Amino acid sequence: MSHQPATLESGFKGVTADWSADKQAFPVPWGKAMMWIFLLSDTFIFSCFLTSYMNVRMSTTDPWPNTAEVFALTVGGHHIPLLLIAIMTMVLITSSGTMAMAVNFGYRRDRKRTAQLMFATAALGLCFVGMQAFEWTKLIVDEGVRPWGNPLGAAQFGSSFFMITGFHGLHVTGGVIYLSVVAYRVLSGFYDRKGTYETVEVAGLYWHFVDLVWVFIFAFFYLW
Amino acid sequence: MAVRQHDIANDVPADPSLAHAAAHGAHAEGQQHPIKLYLWIWLLLFVFSAFSYMVDYFQLQGALRWTLIIVFMLIKASFIVAIFMHMAWERLALKLAILVPPLTLLILIALMAIEGDYTFLTRLASFVK
């Protein structure tokens, strides 16, 4: 493991020093650097989906279904547009908050609280996936939306919707499994024996990224 | 950062309670920030999500709608990346390595917008009666 000089230069001088000197370029745990690079590649995947969605939506001559209506819920006789999506957004933001706190408690070596907050995060993630399953069922069974067409408008709506939210939901599902494993290891004292809780932060990076992607999907797919 | 963490990794005692003391002692480990900061960001994310929802609820249309949606989206994204993902406290080299490459996507978006527009006009001219 290469050792860093005692004081690191800041600003652009620091960038030059980090990238040109004969040493490790990023003075962070390797897992963190690798997770960032993975997330960068994932950014490109999601961006390709969202850009292709933009392309098909711009090029279709049929009217695009009104998402505010498609994703509306009727609660107690009141018709509220986009209600389910609003709740899903809140759930995901809440889970991001609990995750941030888990990372914080991890670095304080508070084993129990870290694990509790991570399990809470995973539970909220599971809740999110559950609501997504409900949403998909409603769209497929009740509204008759298919990847190749739908009765609401432009045929491209279905394929864009299933591709984008499906891929995101898959990330959430993967995240729930990932977080549960790390939380279990926190609880069992694995990171105390290892001497560092940085894995919790790396898992946190992944989870916040999932939330980040949802911010973009929410804006471009549901609100636009 | 790395040096400190590896020092801790090397001289950490086997007893977790001692490790706990070590982490709170002379070497603070990793990214530690006040819980209050996270709670604030959390609250702001709720507020801005509510704002974006309101844009739809009040049926704002046209340029105003799109501007507001994008502004709220970017504010929320910056909070998540800067505070929750700790990018604000990373070194500039890592920030640049991760945040600059996605800018190339703007080229993809521009090209696909031109392409989409062209396809739309072609469809209007050739396929729509």
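Figure 1. Leaving aside residues up to four places away in sequence, A:F218 touches A:I85, A:T89 and A:L223, where two residues are in contact if their C-beta atoms, placed from the backbone, lie within 7 Å. The structure is a predicted model, in which local features need pLDDT of at least 70 and side-chain atom pairs count only at pLDDT 80 or more, while totals for chains, interfaces and linings use all residues. Residues are numbered from 1 along each chain as its sequence is written, and chains are lettered from A, with ligands numbered from 1, in the order in which they are written. A residue is called buried if 20 or more other C-beta atoms lie within 10 Å of its own, exposed if 12 or fewer do, and partly exposed in between. A nonpolar core is a set of buried Ala, Val, Leu, Ile, Met, Phe, Trp, Tyr and Cys residues joined through C-beta atoms within 7 Å. The largest such core holds 73 residues, and those with the most contacts inside it are A:A102, A:M118, A:L179 and A:F218. Two or more residues each are given to this core by α2, α4, α5, α6 (156-187) and α8 of chain A, together with α3 (35-57), α4 (62-84) and α5 (92-99) of chain B. The largest share, 18 residues, is that of α8(A).

Figure 2. Chain A contains 8 helices and 2 strands, counted as DSSP runs numbered from the N terminus (H or I of at least four residues for helices, E of at least two for strands). Along the sequence these elements follow the pattern α-α-α-β-β-α-α-α-α-α, and the C-alpha atoms of the chain fill a box of roughly 65 × 40 × 25 Å, taken along the principal axes. Of the 224 residues in chain A, 42% are buried. The contact between the chains takes 56 residues from chain A and 58 residues from chain B. On the side of chain A, two or more residues each come from α1 (11-20), α2 (30-59), α4 (83-107) and α8 (198-223). That side has 31 nonpolar, 18 polar and 7 charged residues, with Ala, Val, Leu, Ile, Met, Phe, Trp, Tyr, Cys and Pro counted as nonpolar, Asp, Glu, Lys and Arg as charged, and the others, Gly among them, as polar.

**Figure 3. Packing of α4 against α5 in chain A.** The axes of α4(A) and α5(A) (residues 111-142) come within 8 Å and cross at roughly 160 degrees, axes being lines fitted to C-alpha atoms, for helices over the stretch in contact, and angles running from 0 to 180 degrees between N-to-C directions. This angle makes the two helices, α4(A) and α5(A), roughly antiparallel, a term for angles over 145 degrees, whereas those under 35 count as roughly parallel, 65 to 115 as roughly perpendicular and the rest as oblique.

Figure 4. Chain B has 6 helices and 0 strands, and 22% of its 129 residues are buried. The axes of α3(B) and α4(B) lie 10 Å apart, at an angle of about 165 degrees, and these two helices, α3(B) and α4(B), are therefore roughly antiparallel to each other. Their crossing, that of α3(B) and α4(B), is left-handed. Among the residues that make the contact are B:L37, B:I41 and B:F48 of α3(B), and B:L68, B:F72 and B:F79 of α4(B). By class, the contact of α3(B) with α4(B) has 14 nonpolar, 2 polar and 2 charged residues. In the loop between α3 and α4 of chain B lies B:Q59, which has a positive phi of about 55 degrees although it is not a glycine. B:Q59 counts as exposed, with 9 C-beta neighbours inside 10 Å.

Figure 5. A:L82 sits in the loop between β2 (78-80) and α4 of chain A, and its phi is near 55 degrees, a positive value in a residue other than glycine. A:L82 counts as buried, with 22 C-beta neighbours inside 10 Å. B:V81, in helix α4 of chain B, is buried with 20 other C-beta atoms within 10 Å. Not counting residues up to four places away in sequence, B:V81 touches A:L212 and B:M87.

Key:
Left-handed = near helix turned anticlockwise from the far one by under 90°.
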